[in-house]
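Reader: I would like to know what stands behind the words used for this structure. Please take the terms one at a time.

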Amino acid sequence: MKITFLGAARTVTGSCYVLECEHARFAIDCGMHQGNRVIEARNWDENGMYRPEALDFILLTHAHIDHSGLLPRLAAKGFKGRVHTTAPTRDLLTIMLEDSARIQETDAQWRSTKKLRAGDPPVEPLYTVEQAQKVLKQLKIEEYNAAFEPAPGIRVVFNDAGHILGSAFIELWIKEGEEETKLVFSGDLGRPNQLLVRNPETVEHADFLFLESTYGSRNHKNEAQSRQELAEAIAYSYERGEKVIIPAFAVERTQELLYSFYLLRKEGKLPEDLPVYVDSPLAIKATEIFRRHWDYYDHETKQRVKSGENPLEMPNLRFSLSVEESRAINSSQGPAIVIAGSGMANAGRIKHHLRHNIWKPGASIVFVGFQAEGTPGRRIVDGAQTIRILGEELSVKAKVFTIGGFSGHAGQSQILDWLSHFRNPDVQVYLIHGEHSGQKVLAELIREKFKFTVHIPDYLDECLLEKGGRFELTARPSLAAPRIDWEYLLEETTDKLDQVRERVEFIQRMGLSNQVEIRGNLLDINARFTSILSELMFEQKRKGDKA
Ligand SMILES: [Zn+2]
Ligand SMILES: [Zn+2]
């Protein structure tokens with residue numbers, strides 16, 4: 001049997017692992033690649049690695065777009081099989097895939113207008129709303145802890161991963177000839193003691209374990225401490241009459257936050273006159289789905305709901321659906337809490353809220369989720385003095401809080417705890433869904449503590465899975481990371497600048513309005529250089545500080 005890592009290998013987005021065995025070719029997850037332009041190009045599958053027409057079925061761990069976002073694309077390109085998943089995941093997908101498709105359509109439209117104006121053909125969206133709605137018909141609901149057979153010789157069990165509502169880790173038994181091999185895919189593994197969902201279930205045996213490692217090198221503070229920190233952020237900006245801005249995933253992180261505010265209010269730490277805005281149509285719809293699926297909550301929350309409480313509701317909670325309502329928050333004076341997406345501040349309404357508040361000394365920016373490399377969120381967390389948002393260089397004067405204790409992912413020690421339940425010492429561990437630096441730390445710890453074999457596969461790596469067999473890996477470094485020809489790029493840029501310089505005398509003889517226009521364009525280029533340099537110097541300083 002063979003596995004190919006089509007995403008979330010040494011990165012955190014684009015989760016997709018394709019397995020080929022005697023009876024079937026299928027995928028675990030099919031997420032969107034997110035981050036910068038190079039990473040997002042992977043969504044278009046120019047290397048033809050997904051071969052959707054040749055996939056028999058897909059097992060889906062949870063609804064987050066970095067695990068589910070390519071489903072409409074695969075179906076549109078010929079995938080005809082079933083997508084097995086849980087009931088809450090199915091319901092969440094109905095809103096999330098459509099939302100994702102709308103973003104794709106708007107993005108393509110915007111790019112097309114630019115292209116058309118330049119005389120080029122329009123840009124196709126990655127997928128359309130119609131395609132997103134169509135793939136929903138291929139979803140098949142499975143229950144936790146109940147085995148099913150998606151193909152002959154393949155047995156599957158979904159277990160509660162405690163990450164978001166309906167999230168699962170997957171046990172897989174694959175029979176080839178007389179031999180049965182057991183695989184476990186952790187999906188995103190939840191942090192124990194999250195407010196809404198149950199703690200992750202555990203498992204005792206696997207021949208091959210594919211383990212997420214988002215927080216491979218870090219531990220979280222505990223829940224009470226984290227809630228206290230949130231209260232501090234609120235008090236800080238409330239006293240100064242400014243806003244608390246919280247970038248958050250629409251699904252699960254936003255609801256956990258609402259629950260935290262509900263608890264803070266009970267503890268008397270949330271001012272009664274402080275409005276809490278959820279500025280995300282997706283989060284609002286997701287909250288409705290959460291309320292409907294309360295039977296998937298953990299015991300304590302279920303008890304609350306049964307006794308008539310609603311931890312996702314408060315008198316000062318306001319939902320803003322329309323763009324006008326969203327704008328109104330920015331023009332409103334006085335303190336407020338604003339939750340908006342995206343969680344890593346690289347898209348969505350949060351960018352507008354940051355632009356209006358990040359330069360204000362009394363405001364707070366609170367990060368409650370993982371910030372991937374290359375995102376604005378990560379740069380702010382790392383202490384950038386200025387940040388480019390919506391084409392504008394902004395000074396970071398707001399107070400920045402990073403509260404790991406609200407994460408939906410297990411921290412380092414919690415991953416190790418989960419791993420300690422495995423009873424067979426010959427389990428082979430593949431670390432996935434994490435950044436390489438953190439994965440190396442975690443791999444060392446696992447080897448030391450449990451003596452397990454650990455591999456860290458890279459994007460597009462292919463691996464033979466032979467029980468007790470040797471580790472045979474095919475790497476595709478050239479496909480995975482196309483080389484950037486810096487030499488050529490820099491030479492070309494210098495060359496063009498020289499050509500302009502040679503024409504300075506000619507420029508000076510031009511009319512004033514022409515000169516002003518050329519000066520404007522050069523000033524723009526100059527500003528971009530300043531921004532590139534300030535980012536480089538910031539990164540150099542950070543790397544230097546670490547060393
Ligand atoms: Zn997730
Ligand atoms: Zn994930």
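Author: The model is a predicted one. Of the 547 residues of the protein, 42% count as buried.

Reader: What makes a residue count as buried?

Author: A residue is buried if 20 or more other C-beta atoms lie within 10 Å of its own. In this protein 42% of the residues pass that cut-off.

Reader: How is the protein divided into domains?

Author: Domain 1 covers 2-218 + 408-480, domain 2 covers 223-406, and domain 3 covers 488-546. The C-alpha centres of domain 1 and domain 2 lie 28 Å apart. Their contact takes 27 residues from domain 1 and 25 residues from domain 2. On the domain 1 side, the touching residues are eleven nonpolar, eleven polar and five charged.

Reader: Why are β14 and β19 said to stand at the edges of their sheet?

Author: That open sheet has six strands in the order β14-β13-β15-β12-β16-β19, with parallel pairing. β14 (317-319) and β19 (399-402) each have a single partner strand, so one side of each is left without a neighbour in the sheet. From one strand to the next the twist averages 20°.

Reader: How do you know that β16 and β19 pair?

Author: Two strands pair if DSSP finds at least two bridges between them. Strand β16 (residues 364-367) and β19 have four bridges, in the parallel sense, and therefore meet the cut-off of at least two. S364 has K399 of β19 as its bridge partner.

Reader: What is the pairing in the sheet of seven strands?

Author: The pairing is mixed, and the order of this open sheet is β7-β8-β9-β10-β11-β20-β21. At its edges stand β7 (148-151) and β21 (453-455); each has a single partner strand, so one side of each lacks a neighbour in the sheet. Strands β9 (residues 168-176) and β10 (residues 179-185) run antiparallel and are joined by seven bridges. L172 stands opposite L183 in β10. Helix α14 (residues 436-450) packs on the sheet, where it touches β20 (428-432) and β21, and its direction makes about 160° with that of β20.

Key: Residues numbered from 1 in each chain as written. Chains lettered and ligands numbered in written order. Predicted model: local features only at pLDDT ≥ 70, side-chain atom pairs only at ≥ 80, totals over all residues. Helix = DSSP H or I, 4+ residues; strand = E, 2+ residues; numbered from the N terminus. Axes fitted to C-alpha atoms, helices over the stretch in contact; angles between N-to-C directions. Domains from an automatic or database assignment. Contact = placed C-beta atoms within 7 Å. Nonpolar A, V, L, I, M, F, W, Y, C, P; charged D, E, K, R; others polar. Buried ≥ 20, exposed ≤ 12 C-beta atoms within 10 Å, placed from the backbone.
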